[in-house]
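Reader: I am new to this structure. Please walk me through how to read its features.

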Amino acid sequence: MRLFLLLVCAIAGARSQCNPSPTQVVGSKAPAQICSGDLVFNEEFDVFDLGTWAHEKTAAGGGNWEFEIYINNRSNSFVKDSKLFIKPTLTADVYGEGFLSTGTLKLYGGAPADECTNPSDWGCERQGSAANLLNPVTSARIRTVDSFSFVYGKVEVKAKLPAGDWLWPAIWLLPRYNQYGGWPASGEIDLSEGRGNLNYIAPSGQNIGSELSSSTLHFGPFWPYNGYTHAHFEKNTPAGQGFDKDFHRFQLEWTEDHMQFSIDDEVIGTVAPGDGGFWELGEFGQQVGTVDNPWQYGNKMAPFDQPFYFVLNLACGGVNYYFPDDAQNPGGKPWLNTSPAASTDFWNGKNQWLPTWNLDVNNGESAAMQVDYIKVWAL
């Protein structure tokens, strides 16, 4: 008993020496105390905890007129062998192909978990027509918006990206409170974005498909002013060793002075604003003249001086030029970014892209974004 009491006292003494940390955490999963170096978020996906991860339910996508519907369904988001899977399926497999051109998609619900989460761009209700088909793909987008948001810390996400033409996996963070206004004034942190195409080659000769992962900060006083070109970093794998082939560790060091992105401990880019902060970094004074700097009352890291939450999703296609028309893809690209009926063109070209998803092999797991763990340490 005496040995046990000594051990308890030693532990208590160690905690009494807690070194303060600039890391701050809010939400239902926030720890009661934060000491420097503490693991403040540890998601290992032993179970699919929907108290941590809330599903979005919308056809609005990410504002890019993407081709997916986001819902809460275990065909699209599930945990297996302590890994999270976010997998695409075909809307027609549930409703029938005729529904795409004649049906009415309604995503309302009475229970809190069934509410449509984004009504913009007819995200809660849409009517299909022969000219404009309903979203032909179903997928998932989950977030820790109520359970865990943080500012400053070290992040590591171990994940494997999907293989399949026109799939768009993303591991990213959004601001909990929009302290500085609507997007992009309050910022966005993209830890990893990718494309599922195995051989999608830009005019420069770069593989911009599954062999590329990009990390980006989005910030600006209002749309369309966005300084992301000053904070965008890319890494290509060796040929034939894309991010779909194995798990990689996507990392972020976020301090009161800088944000540093790494993959498998290799630094791919650092953003360290000067005293003029992100306003000066983005050169907005030269672009918008007398418009107020929205971050003038924050510190030099503003808007990245506020709590952000995690978002994990698998999108498909869209018309924001993320999938450029002039890149070369085996079998071509079935829609143009300027098409007024892009979703219809995409579906009509399914003989090009659907075989690349391999949905009939191993439950289609190669087309899923797989996440092994997410960890956040206090500074």
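Author: We start with a definition. Ala, Val, Leu, Ile, Met, Phe, Trp, Tyr, Cys and Pro count as nonpolar, Asp, Glu, Lys and Arg as charged, and the others, Gly among them, as polar. Keep in mind that this is a predicted model.

Reader: By class, which residues does the lining of the largest pocket have?

Author: The general idea comes before the count. Rolling a probe the size of a water molecule over the atoms shows where empty space is left. Here, the largest pocket holds about 1400 Å³ of space. Its lining has 18 nonpolar, 19 polar and 10 charged residues.

Reader: Which residues lie nearest the centre of the largest pocket?

Author: Of the 47 lining residues, Gly62, Asn64, Trp183, Glu188 and His218 lie nearest the centre. Several strands give two or more residues to this lining, among them E11 (141-143), E15 (188-193) and E16 (212-218). Strand E14 gives the largest share, five residues.

Reader: Trp183 is on that list. What kind of peptide bond joins Trp183 and Pro184?

Author: Most residues other than glycine have a negative phi, and most peptide bonds are trans. The bond between Trp183 and Pro184 is cis, with omega about 5°. Pro184 sits in the loop between E14 and E15. Another cis bond runs from Trp223 to Pro224, with omega near 15°. Pro224 is in the loop between E16 and E17.

Reader: Now phi. Where is Asp81 found, and is Asp81 buried or exposed?

Author: Asp81 is in the loop between E5 and E6. Its phi is positive, about 55°, although Asp81 is not a glycine. Exposed means over 50% relative accessible area. Asp81 has 61% relative accessibility, so Asp81 counts as exposed. Take Asp264 next: its phi is also positive, near 50°. Asp264 lies in the loop between strand E19 (259-263) and strand E20 (266-271). At 30% relative accessibility, Asp264 counts as partly exposed.

Reader: In which sense do E5 and E6 pair?

Author: Antiparallel, over four bridges, with E5 at residues 77-80 and E6 at residues 83-86.

Reader: What order do the strands take in the open sheet of three?

Author: First, a general point. In a regular strand the side chains alternate between the two faces of the sheet. Here the order is E4-E10-E7, with mixed pairing. E4 (68-70) and E7 (89-90) stand at the edges, each with a single partner strand, so one side of each has no neighbour in the sheet. E4 pairs with E10 (residues 137-139) in the parallel sense, over three bridges. Ile69 has Thr138 in E10 as its bridge partner.

Reader: How many aromatic pairs are there?

Author: Ring centres must lie within 6.5 Å to pair. The count comes to 39 aromatic pairs. One of them is Trp166 with Trp335, edge-to-face, 5.2 Å centre to centre and 80° between the planes. This pair links distant parts of the chain, 169 residues apart. Trp166 is in the loop between E13 (153-160) and E14, and Trp335 in the loop between E21 and helix H6 (342-348).

Reader: Why do Trp166 and Trp335 count as buried?

Author: Buried means under 20% relative accessible area. Trp166 is at 0%, and Trp335 has 1%.

Reader: Which ring does Arg195 lie over?

Author: Arg195 lies over the face of Tyr322, 4.0 Å from the ring centre. For another case, look at Lys375: its charged end sits over the ring of Tyr373, 5.0 Å from the centre.

Notes: Residues are numbered from 1 along each chain as its sequence is written. This is a predicted model: local features need pLDDT of at least 70, side-chain atom pairs count only at pLDDT 80 or more; totals for chains, interfaces and linings use all residues. Side-chain values use heavy atoms; hydrogens and water are left out. On a 1 Å grid over the protein atoms alone, a cavity is a set of points where a 1.4 Å probe fits but cannot get out, and a pocket is an open set with protein on both sides within 12 Å along at least five of seven lines; lining residues have an atom within 4 Å of a point. Grid points are joined across faces, edges and corners, and a volume is the space filled by probe spheres set on the points. Two strands pair if DSSP finds at least two bridges between them. Rings of Phe, Tyr and Trp (its six-membered ring) pair if their centres lie within 6.5 Å; planes under 30 degrees apart count as stacked, over 60 as edge-to-face and the rest as tilted. Buried means under 20% relative accessible area, exposed over 50%, partly exposed in between (1.4 Å probe, protein chains only). A charge sits over a ring if NZ of Lys or CZ of Arg is within 6 Å of the ring centre and within 35 degrees of the ring normal.
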